[in-house]
Structure formats: C-alpha cells, structure tokens
Amino acid sequence: MASARRLASDLAAGITVSDRRFDALFPAEVRVHSKVHFTPVKVALRIRDWLGRDSSLRILDVGSGCGKFCLAFAASGPGRVTGIEQRPNLHDTAQAASALLGLTNTTFLCGRMEELDWTRFNIFYFFNPFYERIAYRKGMDDRTPPHAGLFFDYIRLVRDRLAEAKSGTRVITYHGMGGRLPQDWIMVRNEEIHTDELQLWVKP
Ligand SMILES: C[S@@+](CC[C@H](N)C(=O)[O-])C[C@H]1O[C@@H](n2cnc3c(N)ncnc32)[C@H](O)[C@@H]1O
C-alpha cells in the first residue's frame with residue numbers, strides 16, 4: 001500500500017518508474033502477461049508528454065486489460081481516463097490497482113467496447129486490442145479464441161465510430177489498432193518506442 005502510494009507520487013512528479021516496479025501492483029497471474037499484452041510505463045509517459053497536463057482530456061482505452069496504460073497515464077497528470085475491458089478478472093485487477101494508487105481520475109468498465117457510447121471521449125487509445133483474435137497461440141487465456149471474422153467486424157466498427165467522431169478528436173495507437181483509420185484522419189506524430197511505433201492521429 002505505502003509502496004503503491006510512493007509509485008503514484010513518483011509518477012505525479014514526472015519520475016519514470018520501471019515496468020517491474022509498476023507491475024508489482026498486479027497479481028502474479030496477471031503480471032505474467034504484461035510484457036506482451038500491456039503498455040510499458042515509458043510509452044504511457046511519452047503519451048503524457050504528447051498530450052500535456054490538460055484537465056479536459058477524456059481518454060478511452062479500448063480494451064484496457066488490467067488498466068496498465070490508464071493507471072500510469074492517470075497517475076502522471078490530469079484528465080480522466082476510462083478503460084473498457086471484456087475480461088472480468090482484468091477489470092477487477094484494474095479497479096483494485098487504481099484504489100491502491102489512490103487515483104480519482106480513472107473509470108474502469110467491464111464489458112465490450114462495441115456496446116459503449118464513444119461520444120463522450122475526445123481521445124481513443126488502442127494497443128492493438130483485437131490481435132488475440134488473429135494470433136494463434138498468443139492469447140492470454142482461452143476466453144477469446146481466434147476468430148478472424150470477429151477481428152474484421154471489430155475493425156469495421158472502430159472505423160465507423162471514428163468516421164462519426166467530432167473534428168479535433170484524437171487517436172493514439174501503439175502497435176496499431178489492427179487496421180487503417182478512416183481516410184480523412186491525419187497522422188501528426190509517429191515515433192519508434194520500445195517494441196513498435198507510437199502514433200498520434202487527428203480528425204480534421
Ligand atoms: C493488448 S491488451 C491492451 C491492454 C491495455 N490497453 C494496455 O495497453 O495496457 C488488449 C485488451 O483488449 C481487450 N479486448 C479485446 N477485444 C475487446 C472488446 N471487444 N471489448 C472489450 N475489451 C476487449 C482484451 O481482453 C485485452 O485485455
């Protein structure tokens with residue numbers, strides 16, 4: 001508990017913390033997936049650099065897992081971060097970790113991203129959330145078996161939601177979102193970080 005609060009205050013002070021230290025927030029059976037499936041702390045902090053300390057940020061992490069991106073970002077500054085996650089165990093882990101860190105600017109929803117109203121958010125974050133549906137033998141468990149048809153349905157749905165988004169809405173992808181953004185979206189930043197590219201897109 002005390003170490004979680006210290007972790008939160010280090011992040012609030014702009015101190016980069018290691019993934020090993022951050023992942024100690026999570027139970028071992030969740031932590032084991034961190035390297036492959038959850039956003040590294042330095043990527044979350046780079047996104048904070050890009051977006052700034054802006055209290056009007058309303059971010060949705062589409063497929064938030066155990067909340068690692070949401071938690072690291074929320075601890076590092078203002079703005080509200082919402083995560084939606086289909087796996088109840090990961091959702092519960094995120095909520096517990098948020099409480100340990102003492103955060104008040106996170107919301108974790110348990111459910112499917114396709115059932116959520118996206119209109120109240122001005123930024124969407126994707127860490128290739130549907131990849132498990134096309135990645136044989138790389139899933140976290142057997143709850144989301146490969147299903148290519150569903151993968152492409154998800155990408156279509158995301159593109160439709162982004163096509164309807166208001167001008168000025170932003171998207172951040174790490175390892176992509178699984179498909180192309182609608183044609184009119186503009187990529188304004190692109191940086192190699194950790195194991196892939198981090199991109200920032202804006203709807204004109
Ligand atoms: C690669 S992990 C990323 C986790 C988190 N965004 C992060 O960066 O730390 C993708 C997550 O998306 C979730 N997911 C995939 N499809 C989903 C859907 N349709 N609705 C909600 N969550 C979904 C998976 O269960 C998984 O936990």
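Modeller: Two strands are said to pair if DSSP finds at least two bridges between them. Helices (H or I, at least four residues) and strands (E, at least two) are DSSP runs, numbered from the N terminus. This is a predicted model, in which local features need pLDDT of at least 70, side-chain atom pairs count only at pLDDT 80 or more, and totals for chains, interfaces and linings use all residues. Residues are numbered from 1 along each chain as its sequence is written.

Biologist: How do you know that strand β1 and β2 pair?

Modeller: The definition asks for at least two bridges. Strand β1 (residues 58-62) and β2 have five bridges, in the parallel sense, so they pair. Isoleucine 59 stands opposite valine 81 in β2.

Biologist: What makes β3 and β6 edges of the sheet?

Modeller: The open sheet has seven strands in the order β3-β2-β1-β4-β5-β7-β6, with mixed pairing. Because β3 and β6 (186-193) each have a single partner strand, one side of each is left without a neighbour in the sheet. From one strand to the next, the twist averages 15°; angles run from 0 to 180 degrees between N-to-C directions, and axes are lines fitted to C-alpha atoms, for helices over the stretch in contact.

Biologist: Why is threonine 104 called exposed?

Modeller: C-beta atoms are placed from the backbone, and a residue is buried if 20 or more others lie within 10 Å of its own, exposed if 12 or fewer, and partly exposed in between. Threonine 104 has 8 C-beta neighbours inside 10 Å, and therefore counts as exposed. Threonine 104 lies in the loop between α7 (88-101) and β3 (106-110).

Biologist: What makes a set of residues a nonpolar core, and which members touch the most others in the largest one?

Modeller: Such a core consists of buried Ala, Val, Leu, Ile, Met, Phe, Trp, Tyr and Cys residues joined through C-beta atoms within 7 Å. The largest has 48 residues, of which Ala44, Ala72 and Phe73 touch the most other members. Its largest share, seven residues, comes from α6.

Biologist: Which residues is alanine 72 in contact with, leaving aside its neighbours within four places in sequence?

Modeller: Contact requires C-beta atoms, placed from the backbone, within 7 Å. On that basis, alanine 72 is in contact with Leu11, Phe22, Val41, Ala44 and Leu45, apart from those sequence neighbours.

Notes
Contact = placed C-beta atoms within 7 Å.
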